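Have a look at the picture first, then read on.

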2 protein chains.
Amino acid sequence: MSEIKQTSTNYSNKLALSDECSEAYASNIIGGQWTLVICSWLLSGKLRFGELKKKLPGITERMLTLQLRKLEEHKIISRTVYAEVPPRVEYELTEIGYALKSVITELEVWGTSHKKLIGE
Amino acid sequence: MSEIKQTSTNYSNKLALSDECSEAYASNIIGGQWTLVICSWLLSGKLRFGELKKKLPGITERMLTLQLRKLEEHKIISRTVYAEVPPRVEYELTEIGYALKSVITELEVWGTSHKKLIGE
DNA sequence: TTAGGTACTATAAATAATGTAAGTAATGAG
DNA sequence: CTCATTACTTACATTATTTATAGTACCTAA
């Protein structure tokens, strides 16, 4: 995940696009496999690592960790560790993270109508 | 591109998510590297292959072809071939393709404010 | 006859993303 | 002392996506 090669054409293409187009920029950030689903769960409140895991059937702990780290890095979620044993860690959307709500809504709307169209 | 392994865990995860969440479904469709940018160019009118190529600095012809094929497959764009020499092919958004406008707009809005936030 | 434009295709290679499986630390319960 | 719990980490394997490079067909104009 964080092993992106900064000399690759792919990397510079992404940079260039992100630079010009805010929508490509956004898509690079939230485009991961599980990113949006995690956010949409968090829209309804903070969740612990284990809770998220249960809500995302099929995700591996590694993947969940990676995605959460990436989201945190992009300031979309915040992470709170409670010094307990066994550990407790809570994830919560930040303000800009919460602002994804309208993006998610639009995607849902579009996705739903696209599904319907294709299904016919 | 179309060499997706239907036995992979990744494939079934994507299917499952797409099934449950329209936003993940949508993201799978428009989440490619160049997809949104192509669509956003097409929002302002039909374009030829070569014109798109010029507007997307860095894209290879193969990538452009692949993305256009994928978009066509998903009924987001339509392709019109004119029987001329040299050939002329025009790409245009379909109705559902045009409906991506609000998604793109929201992404732009979010992307812009995220950029601003991070830049501080 | 040759060059040139247009929209591709073929093949291979590189890079990125995701998955598998196992292990870790801390501590309180038994 | 041993086990269970929770939220990870690590090393490695597999799959997916993107890039590189070269070619193709067609007619037209020179």
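Buried area is the accessible area (1.4 Å probe) that two parts lose on being put together, summed over both. By that count, chain B and chain A bury about 3,800 Å² between them, with 66% of it on carbon and sulfur atoms. This is a predicted model, where local features need pLDDT of at least 70, side-chain atom pairs count only at pLDDT 80 or more, and totals for chains, interfaces and linings use all residues. Residues are numbered from 1 along each chain as its sequence is written, chains are lettered from A and ligands numbered from 1 in the order in which they are written, and side-chain values use heavy atoms, leaving out hydrogens and water.

Contact here means heavy atoms within 4.5 Å. On that basis, 44 residues of chain B touch 42 residues of chain A.

Helices are DSSP runs of H or I with at least four residues, strands are runs of E with at least two, and both are numbered from the N terminus. These are the residues in contact:

| Helix | Residues in the contact |
|---|---|
| Helix 7 of chain A | A:Leu100, A:Ser102, A:Val103, A:Glu106, A:Leu107, A:Trp110 |
| Helix 7 of chain B | B:Leu100, B:Ser102, B:Val103, B:Glu106, B:Leu107, B:Trp110 |

Chain A itself has seven helices and three strands.
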